[in-house]
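Notebook open, model loaded. I wanted to look up the cores, the aromatic rings and a couple of helices.

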Amino acid sequence: MKVLFINKFLDKEAIYRDPLGIMTLAAMIRPKHKIFVIEPVREDVQKRMSEIQPDVIAYSLRTGYHRYYIDLNLKLKKKYKFISIFGGPHVTFYPNVINEEGVDTICQGEADEAFAEFIDVLEQDGDITKVKNFWVKTPTGIIKNEKRPLNPNLDSIPFPDRKMFDNYEEVRIAKVHSFIASRGCPFKCSFCEVPSIAGLYPSQKSTIYQNVESFIDEIAETKRKGLLKGKLLMFTDSTFNSHNKWFLEFCKQYKERINLPWSCNLRAELVDEEQVKAMKLANCDNVRFG
């Protein structure tokens with residue numbers, strides 16, 4: 001299958017944030033399928049569409065940007081034949097996107113396994129209306145499937161596919177590269193979307209962590225490819241120091257194997273002298289907290 005991601009990853013608001021969501025989805029399917037990406041503001045979408053002729057177009061929506069992708073998809077639907085998949089935080093909270101003209105399917109919640117299964121089933125001409133996490137528009141109505149449980153083992157998920165941006169100089173020369181080691185957060189801040197996402201999976205842990213060694217392996221692999229030279233690494237976890245033992249072990253291994261400047265989100269009242277010393281020794285450049 002030819003799977004195309006359309007994403008404004010070169011927006012001034014996004015250039016310092018690698019689109020880790022679609023990069024992970026691409027990594028999940030690359031062994032079996034062909035991956036393409038279009039930056040719709042910088043590229044000629046019609047020309048690229050004619051060249052690629054994708055079987056599937058996938059969009060990751062954030063609230064406030066959703067209308068752009070819905071409208072673009074409808075324009076493309078009128079000229080090309082493909083299956084459209086809409087996912088991301090906006091769709092998870094507002095699944096009525098499925099009612100929009102041109103939207104064939106939506107995926108709610110964590111999409112790693114669901115997206116990979118959907119693409120495989122579609123290629124095999126199987127029944128896509130039975131894939132968990134997906135809502136599918138049919139001639140007789142909308143099929144709404146339940147969500148599958150969260151995968152508790154982040155080490156089983158392949159590293160984000162940074163290869164998909166090899167042709168974009170802006171990504172290669174960006175001063176910041178982002179990584180994420182966990183999903184969720186143990187806190188319930190009123191301004192944050194994470195508690196609402198956790199509410200979709202009430203019987204599961206609110207925070208899941210990648211093994212420290214596996215996470216360092218991911219960074220080391222990116223470093224070996226020469227992508228991190230002269231860069232600041234931004235860890236975008238909601239609360240990077242919420243698991244004290246994990247955090248201290250990360251600082252130790254990071255100092256030994258990576259030792260490049262980095263930044264992270266912290267919970268201020270969790271910070272103690274031991275953490276501050278560990279961050280200093282591990283070449284932490286700055287921290288952020290709400």
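Below are my entries, in the order I looked things up.

**Ground rules.** I'm working from a predicted model, where local features need pLDDT of at least 70, side-chain atom pairs count only at pLDDT 80 or more, and totals for chains, interfaces and linings use all residues. Residues are numbered from 1 along each chain as its sequence is written, and side-chain values use heavy atoms, with hydrogens and water left out.

**Cores.** I looked for nonpolar cores, meaning sets of buried Ala, Val, Leu, Ile, Met, Phe, Trp, Tyr and Cys residues joined through side-chain atoms within 4.5 Å. Buried is under 20% relative accessible area, exposed is over 50%, and partly exposed is in between (1.4 Å probe, protein chains only). The largest core has 32 residues, and Phe5, Phe115, Phe118, Ile119, Phe134, Met164 and Phe165 have the most contacts inside it. Helix 5 (112–123) is among the elements that each supply at least two residues of this core, and its seven residues are the largest share. Helices (H or I, at least four residues) and strands (E, at least two) are DSSP runs, numbered from the N terminus. I then found a second, separate core of 26 residues, which includes Phe179, Phe247, Tyr254 and Cys284.

**Rings.** I paired rings of Phe, Tyr and Trp (its six-membered ring) with centres within 6.5 Å, calling planes under 30 degrees apart stacked, over 60 edge-to-face and the rest tilted. That gave 25 aromatic pairs. Phe235 and Phe240 count as stacked because their ring centres are 5.1 Å apart and their planes are at 15°. Both of these Phe residues are buried. They also belong to one aromatic cluster, whose members include Phe179, Trp246, Phe247, Phe250 and Tyr254.

**Helix 9.** This helix covers residues 244–257 and reaches 20 Å from its first C-alpha to its last, close to the 20 Å expected at 1.5 Å a residue (the expected span is 1.5 Å times one less than the number of residues). Its buried residues are Trp246, Phe247, Leu248, Phe250, Cys251, Gln253 and Tyr254. Helix 8 (212–224) and helix 10 (273–281) are among the elements covering them, going by contact, i.e. heavy atoms within 4.5 Å. Just after helix 9, I noted a positive phi of about 60° at Asn259.

**Helix 10.** Which residues of helix 10 are buried? I got Gln275, Ala278 and Met279. The face turned away from the buried side carries exposed Glu273, Lys277, Lys280 and Leu281.
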